[in-house]
Amino acid sequence: MKLNIEKIYKEIERLGISRRKLAKKMGMKSQWIYAVLTTDKSHTFKTVEKFAHALNVDPKDLVI
C-alpha cells in the first residue's frame with residue numbers, strides 16, 4: 001500500500017503537531033516516522049492504521 005504522504009503532512013499541520021509528537025501518539029520512534037515519510041515504498045495496512053488512528057482519519061484517506 002502506498003501512503004498518501006501529502007495527506008499525512010496536511011493532517012499533521014491541521015492538528016498542529018510535530019512528527020515527534022505524532023510518533024509518540026503512535027508508540028513509535030521519530031526516526032521510524034521519518035523513514036516511512038521519506039521512502040517511496042509500500043507499507044502494510046497496520047502502518048496505515050497506526051497513522052489513521054493517530055491522525056483521527058479514515059485509513060482509506062491515507063492511501064493512494
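Author: Helices, of at least four residues, and strands, of at least two, are DSSP runs numbered from the N terminus. In this predicted model, the protein chain holds four helices and zero strands, in the order α-α-α-α from the N terminus on.

Reader: How does the radius of gyration of the protein chain stand against that of a compact globule?

Author: A compact globule of 64 residues would have a radius of gyration near 11 Å, and the 10 Å of the protein chain agrees with this. Along the principal axes, the C-alpha atoms fill a box of roughly 25 × 20 × 20 Å. Of the 64 residues, 31% are buried.

Reader: Which residues of helix H2 are buried, and where do they lie around the axis?

Author: In an α-helix there are 3.6 residues a turn, so residues three or four places apart point the same way. In H2, residues 19–26, the buried residues are Leu22, Ala23 and Met26. Because they cover an arc of only 100 degrees around the axis, they lie on the same side of H2. Arg20 and Lys24, on the other side, are exposed.

Reader: Against which helices do the buried residues of H2 pack?

Author: They pack against helix H1 (5–15), helix H3 (30–38) and H4. Just after H2, Gly27 takes a positive phi of about 75 degrees.

Conventions
Residues numbered from 1 in each chain as written. Predicted model: local features only at pLDDT ≥ 70, side-chain atom pairs only at ≥ 80, totals over all residues. Heavy atoms only, no water. Buried < 20%, exposed > 50% of the residue type's maximum accessible area, 1.4 Å probe, protein only. Arc of directions from axis to C-beta. Contact = heavy atoms within 4.5 Å. Rg over C-alpha atoms; globule rule 2.2 N^0.38 Å.
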